[in-house]
Amino acid sequence: MIHVLFVCLGNICRSPMAEAVMRHKIEQRGLQDRIRVDSAGTGNWHVGKPPHEGTRQLLDEYGISYANMAARQFASADFEQFDYIVCMDDSNVANVRKVIGGEKADLLKLMDLLPDETLREVPDPYYTGNFEEVYRLVDAGCDALLKRIESEHSLSL
Ligand code: 4NP
């Protein structure tokens, strides 16, 4: 089983959107027995809460399920358990490094997967209100992540 974890700050806007979109793409490809997806926030303010209304609205629009999703906080054990840890911005990377205690950690940013995009971080819609932009980046980023996983694990997508 390949384990993918998306990380943002609150785990109510960006990383839950990425989790839901990625799971949807995995199910469309029949890979749900090969790849498991989860998300977490480095902050603890929203633990237990469902995705933000703005994230739910976009997922509803695209017919993507967010059933049973609840925010949780990133913990150091996640670093041992997940093969791909994909952060939304630079501060998420710094916060994850603090929790796991080390520079060495092999962490990805979603925008690392989209080298042609000018944006190098996924802007936080909790402040910008722009959930459409997050959806566009997350959708493209998840396609790129699936391609990377496919090539690194010889899956046929
Ligand atoms: P997220 O957005 O990191 O994409 O879930 C945020 C949600 C909540 C807060 C910050 C960012 N907050 O400060 O409560």
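Which residues surround the ligand? Cys8, Leu9, Gly10, Asn11, Ile12, Cys13, Arg14, Trp45, His46, Asp124, Tyr126 and Tyr127 do, where being near a molecule takes a heavy atom within 4 Å of it.

Hello everyone, and a quick word on what we have here. This is a predicted model, in which local features need pLDDT of at least 70 and side-chain atom pairs count only at pLDDT 80 or more, while totals for chains, interfaces and linings use all residues. Residues are numbered from 1 along each chain as its sequence is written, and side-chain values use heavy atoms, with hydrogens and water left out.

Back to the ligand. By class, its shell has seven nonpolar, three polar and two charged residues; Ala, Val, Leu, Ile, Met, Phe, Trp, Tyr, Cys and Pro count as nonpolar, Asp, Glu, Lys and Arg as charged, and the others, Gly among them, as polar.

Now the polar contacts, meaning pairs of N or O atoms within 3.5 Å. His46 puts a polar side-chain atom 2.7 Å from a ligand oxygen. For Ile12, a polar backbone atom is 3.1 Å from an oxygen of the ligand. Tyr127 has a side-chain N or O atom 3.3 Å from a ligand oxygen. Taken alone, the ligand exposes 350 Å², and the protein buries 93% of that (Shrake-Rupley method, 1.4 Å probe).

Next, the sheet. Helices (H or I, at least four residues) and strands (E, at least two) are DSSP runs, numbered from the N terminus, and two strands pair if DSSP finds at least two bridges between them. Four strands form an open, parallel sheet in the order E2-E1-E3-E4. E2 (35-41) and E4 (108-109) stand at the edges with a single partner strand each, so one side of each has no neighbour in the sheet. Strand E1, residues 2-8, pairs with E2 over seven parallel bridges, and Leu5 stands opposite Asp38 in E2.

Finally, Glu133 lies in helix H6, residues 131-153. Leaving aside residues up to four places away in sequence, Glu133 touches Leu119 and Pro123, with contact meaning heavy atoms within 4.5 Å.

Methods. Polar contact = N/O pair within 3.5 Å; in protein donor to acceptor, adjacent residues only side chain to side chain.
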